[in-house]
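Biologist: I would like to learn how to read a model like this one. Can we take the features one by one?

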Amino acid sequence: MTPLYHVVGNLTGVRYQNEILQPLVVPALQAIGPRAILQDDNAPPHRSAAVNTFIQQARLNRMLWPANSPDLNPIEHMWDELCRRVQQHHPPPANLGQLLQWFQQEWNGFPRAFICNLIHSMCQRCVECLAHNGGHTRY
């Protein structure tokens, strides 16, 4: 799991490469080993020419992500759970700095079992998606 990174302003392909991929994602994938696969989506910064070149040069394995495909990425469940945990703080955050601090605190406190369950659910997510011809699933 990489550190939580707060993007300030618009995320461009160059910023994605320099601020997220190079310092955070590449070391995490290298720690996993040669079978690691980068799972991103078709957001414009993820698919810029600069990022595509970087991914090829870094020899990263990237999951194919067809346009208009269902979002099966387990990170969506992480964001949902992260928001729920932060919303349990009372009173509400006094400012952006406090909100970011709470997000970081909750992100760092995710139980490893929660993360592992999300990762291990990927196979079943794909099976169910195929069974529903890409339509709605319980995930």
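Modeller: Start at a loop. Pro70 sits in the loop between α2 (49-57) and α3. Keep in mind that this is a predicted model.

Biologist: Is Pro70 buried, partly exposed or exposed?

Modeller: Pro70 has a relative accessible area of 29%, so Pro70 is partly exposed.

Biologist: Which residues does Pro70 touch, leaving out those up to four places away in sequence?

Modeller: Pro70 touches Trp65, Cys129 and Gly134. Take Cys129. Pro70 and Cys129 are 59 residues apart along the chain, yet their C-alpha atoms are separated by 7.9 Å.

Biologist: How much of the contact set in the protein comes from residues 24 or more positions apart?

Modeller: Among contacts with a separation of 6 or more, such residues account for 55%.

Biologist: Now the overall layout. How many helices and strands are there?

Modeller: The protein has 6 helices and 0 strands. Along the sequence the pattern reads α-α-α-α-α-α. The C-alpha atoms fill a box of roughly 45 × 35 × 30 Å along the principal axes. The protein has 139 residues, and 31% of them count as buried.

Biologist: How do I read a helix pair?

Modeller: Two packed helices are described by the angle between their axes and the distance between the axes. Take helix α3 (residues 75-87) and helix α4 (residues 96-108). They pack at an angle of about 120 degrees, with axes 10 Å apart. That angle makes α3 oblique to α4. The crossing of α3 and α4 is right-handed.

Biologist: Which residues of α3 and α4 meet?

Modeller: From α3 come Ile75, Met78, Trp79, Leu82, Cys83, Arg85 and Val86. From α4 come Leu99, Trp102, Phe103, Glu106 and Trp107. The residues of this contact divide into 10 nonpolar, no polar and 2 charged.

Biologist: What about α5 and α6: at what angle do their axes cross?

Modeller: Helix α5 (residues 112-120) and helix α6 (residues 122-131) cross at roughly 35 degrees, and their axes come within 4 Å. Leu118, Ile119 and His120 of α5 make the contact with Met122, Cys123 and Arg125 of α6. This contact of α5 with α6 counts 4 nonpolar residues, 1 polar and 1 charged.

Biologist: Cys123 is in that list. How many disulfides does the whole structure have?

Modeller: The search finds 0 disulfides.

Biologist: How exposed are Cys123 and Cys126?

Modeller: Cys123 is exposed, with a relative accessible area of 59%. Cys126 is partly exposed, at 35%.

Biologist: And the backbone: what should I look for there?

Modeller: Most residues other than glycine have a negative phi, and most peptide bonds are trans. Now look at two cases. A cis peptide bond joins His90 and Pro91, with omega about -5 degrees. Pro91 lies in the loop between α3 and α4.

Biologist: Where is Arg59, and what is its phi?

Modeller: Arg59 lies in the loop between α2 and α3. Phi of Arg59 is near 55 degrees, a positive value in a residue other than glycine. Arg59 counts as exposed, because its relative accessibility is 75%.

Methods. Residues are numbered from 1 along each chain as its sequence is written. This is a predicted model: local features need pLDDT of at least 70, side-chain atom pairs count only at pLDDT 80 or more; totals for chains, interfaces and linings use all residues. Side-chain values use heavy atoms; hydrogens and water are left out. Axes are lines fitted to C-alpha atoms, for helices over the stretch in contact, and angles run from 0 to 180 degrees between N-to-C directions. Helices (H or I, at least four residues) and strands (E, at least two) are DSSP runs, numbered from the N terminus. Angles under 35 degrees count as roughly parallel, over 145 as roughly antiparallel, 65 to 115 as roughly perpendicular and the rest as oblique. A crossing is left-handed if the near helix is turned anticlockwise from the far one by less than a right angle, and right-handed if clockwise. Contact means heavy atoms within 4.5 Å. Ala, Val, Leu, Ile, Met, Phe, Trp, Tyr, Cys and Pro count as nonpolar, Asp, Glu, Lys and Arg as charged, and the others, Gly among them, as polar. A disulfide is a pair of cysteine sulfur atoms within 2.5 Å. Buried means under 20% relative accessible area, exposed over 50%, partly exposed in between (1.4 Å probe, protein chains only).
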